[in-house]
Amino acid sequence: MKRIEAIIRPHKLDDVKEALSEAGCNGMTVTEVKGFGRQKGHKELYRGAEYQVDFQPKLKVDVVVSDDRVQPIIEAITKAAVTGKVGDGKIFVHPVDDAVRIRTGESGDACLQ
């Protein structure tokens, strides 16, 4: 099993959700996060004063899938989240040793269905 963690632009969430559903992903966790990479920050003007905004608002989408579903899920996220501009985000893939469905006690790939 793998955990796929995608950092995306907030306005792309609906597109990513739809793409994951079409790719056969049964669930996801979404967290509001802030950060920066090459996009850095930007300056804003508020009541005549200019200030630096270092952290950009992003969303982190987490899904756990079986090993054979990793590539199709990554492709679905990439196609749905891309704008072609700096700041589109990143996708990270982490190994998952085990998962357990609390309600039934199922573990491993069985609890991902």
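## Close-up views of a predicted model

**View 1. Arg9 and Asp88 meet in a salt bridge.** The closest N and O atoms of Arg9 and Asp88 are 2.9 Å apart. Here a salt bridge is a side-chain nitrogen of Lys or Arg within 4 Å of a carboxyl oxygen of Asp or Glu. This pair links distant parts of the chain, 79 residues apart: Arg9 sits in the loop between E1 and H1, and Asp88 in the loop between H2 and E6. Helices (H or I, at least four residues) and strands (E, at least two) are DSSP runs, numbered from the N terminus. Arg9 is buried, with a relative accessible area of 14%, and Asp88 is buried too, at 16%. Buried means under 20% relative accessible area, exposed over 50%, and partly exposed in between (1.4 Å probe, protein chains only).

A note before the next views: this is a predicted model, in which local features need pLDDT of at least 70 and side-chain atom pairs count only at pLDDT 80 or more, while totals for chains, interfaces and linings use all residues. Residues are numbered from 1 along each chain as its sequence is written, and side-chain values use heavy atoms, with hydrogens and water left out.

**View 2. Four strands make an open, antiparallel sheet.** The strand order is E2-E5-E1-E6. E2 and strand E6 (90–95) stand at the edges with a single partner strand each, so one side of each has no neighbour in the sheet. Neighbouring strands are turned by 25° against each other on average, direction ignored. Strands count as paired if DSSP finds at least two bridges between them. Six bridges join strand E1 (residues 2–8) to E6, seven join E1 to E5, and seven join E2 to E5.

View 3. Helix H1 (residues 13–22) lies across E1, E2 and E5, running at about 10° to E5. Helix H2 (residues 70–81) packs on the sheet and touches E1, E5 and E6, its direction making about 5° with that of E1. Contact means heavy atoms within 4.5 Å. Axes are lines fitted to C-alpha atoms, for helices over the stretch in contact, and angles run from 0 to 180 degrees between N-to-C directions. E5 is mostly covered, with seven of its 10 residues buried.

View 4. Arg3 forms a salt bridge with Glu5, with the closest N and O atoms 3.1 Å apart. Arg3 counts as partly exposed at 26% relative accessibility, whereas Glu5 counts as buried at 13%. Salt bridges that share partners join Arg3, Glu5 and Asp62.

**View 5. Arg101 and Glu106 form a salt bridge.** Their closest N and O atoms are 2.5 Å apart. Arg101 is partly exposed at 21% relative accessibility, and Glu106 is partly exposed at 30%. A search of the whole structure finds five salt bridges.

**View 6. The structure holds one aromatic pair.** Phe36 and Phe55 form a tilted pair, 5.6 Å centre to centre with 55° between the planes. Rings of Phe, Tyr and Trp (its six-membered ring) pair if their centres lie within 6.5 Å; planes under 30 degrees apart count as stacked, over 60 as edge-to-face and the rest as tilted.
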